[in-house]
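Here is a short briefing on a predicted model. Keep the structure open while you read, and find each residue as it comes up.

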Amino acid sequence: MFKPAEKAELNQISLTGMRGLVIIGLLMEAPRTLEEIRAKLIELNILEQEHSNDILRIDLNTLRAMGCEITHANAKTNFKYVLLKHPFSLNITEEEIGTIKKSFKKIKDSANISLLLGYDALFKKLANYAGNDTIKEELYGLSAFKSYNIELIKQLMEDCKNNIVITLKYKNPSAEAESVKEILAQKVVFQNDKVYLYGYDINKKDAVILNLLRIRAILSRAQGNGIEVKSVCVKYFLKSFGVNILEENETIIETRSDGYIIEGRYHNEFVAVQRVLSFGANCTVLEPADFREKIIQKLKSMRKNYND
């Protein structure tokens, strides 16, 4: 948030004002003890070791005089100063919250995990500066990850990037007890308002999709180099679509006057089927032949169930 000041620069500014800005910034992040505030100001070169703590108490009183509500550090606050209110709050209205909700709803379903993490951080930052507690709660509630451990999502994304085999405890809803799995992490995805880990089960030698909410613990991590994982490759003709709807695992291999030939590589057959069916009548599967036949049988079954 802050970087140490150069001594030469400090001659041109008000140190009292600088300390005040830093202190309010620190208290916006979290409650702090006087020693924590002091240590940070010394680190930033805007307070000397020999300066008395009375300077900081005067700075805190100055902020209170400006309209900041800051508690006293006592046993009730774990001897930390807590910022309750300040005049720099964002005045976000219910109407504006409604607009944000509608806009995010349109973005959410087609956004990737990295973009959604960015929105999660944005909503939390806005909530921190919102002056109304009801608005705060609404902003926190906007995130696609409000039920998830953000750090776990980020760790698993790194595991996927670095080809890591994770040993984890997992609770399948159909099983009575937790099971231990060794999974090569491949991709973290957001789908149908849930977060999943796409991976390869080392012991079963099969592609798996794990709901992050059912991962009970990460037991260990190891490098997964040399493990061969086969994806499901499908070629299909697609017409009447915008190129932006293609996923990173899908490539245009031929452009025609009436559409495109697409090659998609999917985590498993279930994901491939779901993706192809999502295009509706705009999609014609070309190969492999056995996958094409499965799609035909799936469509016949769907039509029969619909007619019945």
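Strand β4 gives six residues to the lining of the largest pocket, the largest share from any element. This pocket has a volume of about 1500 Å³. The model is predicted, so the values below are computed from its atoms.

**The largest pocket**
- The lining has 40 residues, and the closest to the pocket's centre are Lys187, Val189, Phe190, Glu247 and Asn249.
- By class, the lining divides into 17 nonpolar, 13 polar and 10 charged residues.

**The second largest pocket**
- About 360 Å³ of space lies in this pocket.
- Its lining has 16 residues, and Met28, Leu83, Leu84, Asn128 and Lys136 are the closest to the centre.
- At least two lining residues come from each of α2 (15–29), β2 (83–85) and α7 (133–142).
- Eight of the lining residues are nonpolar, four are polar and four are charged.

**The five-stranded sheet**
- In what order do the five strands of the open sheet stand? The order is β6-β5-β4-β3-β7, and the pairing is antiparallel.
- Strands β6 and β7 (215–223) stand at the edges. Each has a single partner strand, so one side of each is left without a neighbour in the sheet.
- From one strand to the next, the twist averages 45°.
- Seven bridges pair strand β3 (residues 164–170) with β7 in the antiparallel sense.
- Strands of a sheet pair through backbone hydrogen bonds, either parallel or antiparallel.

**Strand β8 and its partners**
- Strand β8 (residues 232–238) is joined to β10 by seven bridges, and the two run antiparallel. Tyrosine 236 stands opposite isoleucine 262 in β10.
- Four bridges join β8 to strand β11 (residues 283–287), again in an antiparallel run. Phenylalanine 237 stands opposite threonine 284 in β11.
- In a regular strand the side chains alternate between the two faces of the sheet.

**Two crossing helices**
- How do helices α3 and α4 cross? The axes of α3 (residues 34–43) and α4 (residues 53–65) come within 11 Å and cross at roughly 100°.
- An angle from 65 to 115 degrees counts as roughly perpendicular. Helices α3 and α4 are therefore roughly perpendicular to each other.
- On the α3 side, the contact is made by Leu34, Glu35, Arg38 and Leu41. On the α4 side, it is made by Asn53, Leu56, Arg57 and Leu60.
- By class, this contact has four nonpolar, one polar and three charged residues.

**Backbone details in two loops**
- The peptide bond from glutamate 287 to proline 288 is cis, with omega near 5°. Proline 288 is found in the loop between β11 and α10 (289–307).
- Asparagine 192 has a phi near 55°, a positive value in a residue other than glycine. Look for asparagine 192 in the loop between β4 and β5.

How values were computed: Residues are numbered from 1 along each chain as its sequence is written. This is a predicted model: local features need pLDDT of at least 70, side-chain atom pairs count only at pLDDT 80 or more; totals for chains, interfaces and linings use all residues. Side-chain values use heavy atoms; hydrogens and water are left out. Axes are lines fitted to C-alpha atoms, for helices over the stretch in contact, and angles run from 0 to 180 degrees between N-to-C directions. Angles under 35 degrees count as roughly parallel, over 145 as roughly antiparallel, 65 to 115 as roughly perpendicular and the rest as oblique. Contact means heavy atoms within 4.5 Å. Ala, Val, Leu, Ile, Met, Phe, Trp, Tyr, Cys and Pro count as nonpolar, Asp, Glu, Lys and Arg as charged, and the others, Gly among them, as polar. On a 1 Å grid over the protein atoms alone, a cavity is a set of points where a 1.4 Å probe fits but cannot get out, and a pocket is an open set with protein on both sides within 12 Å along at least five of seven lines; lining residues have an atom within 4 Å of a point. Grid points are joined across faces, edges and corners, and a volume is the space filled by probe spheres set on the points. Two strands pair if DSSP finds at least two bridges between them.
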